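Thanks for coming, everyone. Let me put a new structure on the screen.

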Amino acid sequence: MTVVQAKKIVLYMVSVFVLYTIITSPERAADLVQVGFEGIASAATGVGDFMSELIK
């Protein structure tokens, strides 16, 4: 099995899992998305604060 085939299989499995999660538990899926966006926002804020301190 090549690396490309392995990546396709993993991508397919992740896609099926995401769809299954959304279909079976939409509330939980929404919570996970919210947590993800909060994490991204927090990281962006941290980077912004760091850059601001470098400039001072």
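Start with burial: of the 56 residues in the protein chain, 4% are buried. Buried means under 20% relative accessible area, exposed means over 50%, and partly exposed lies in between, with a 1.4 Å probe and protein chains only.

A word on where this comes from. This is a predicted model, where local features need pLDDT of at least 70, side-chain atom pairs count only at pLDDT 80 or more, and totals for chains, interfaces and linings use all residues. Residues are numbered from 1 along each chain as its sequence is written, and side-chain values use heavy atoms, without hydrogens or water.

Now the fold. The protein chain has two helices and zero strands. These are DSSP runs, numbered from the N terminus: helices are H or I with at least four residues, strands are E with at least two.

Next, the outline. Along its principal axes, the C-alpha trace of the protein chain spans about 50 × 35 × 5 Å.

On to helix 1. How many of its 22 residues are buried? The count is one, so helix 1 is hardly covered. Helix 1 reaches 31 Å from first C-alpha to last, close to the 32 Å expected at 1.5 Å a residue. That expected span is 1.5 Å times one less than the number of residues.

Last, one residue. I22 sits in helix 1, which covers residues 3-24. Is I22 buried or partly exposed? I22 is partly exposed, with a relative accessible area of 43%.
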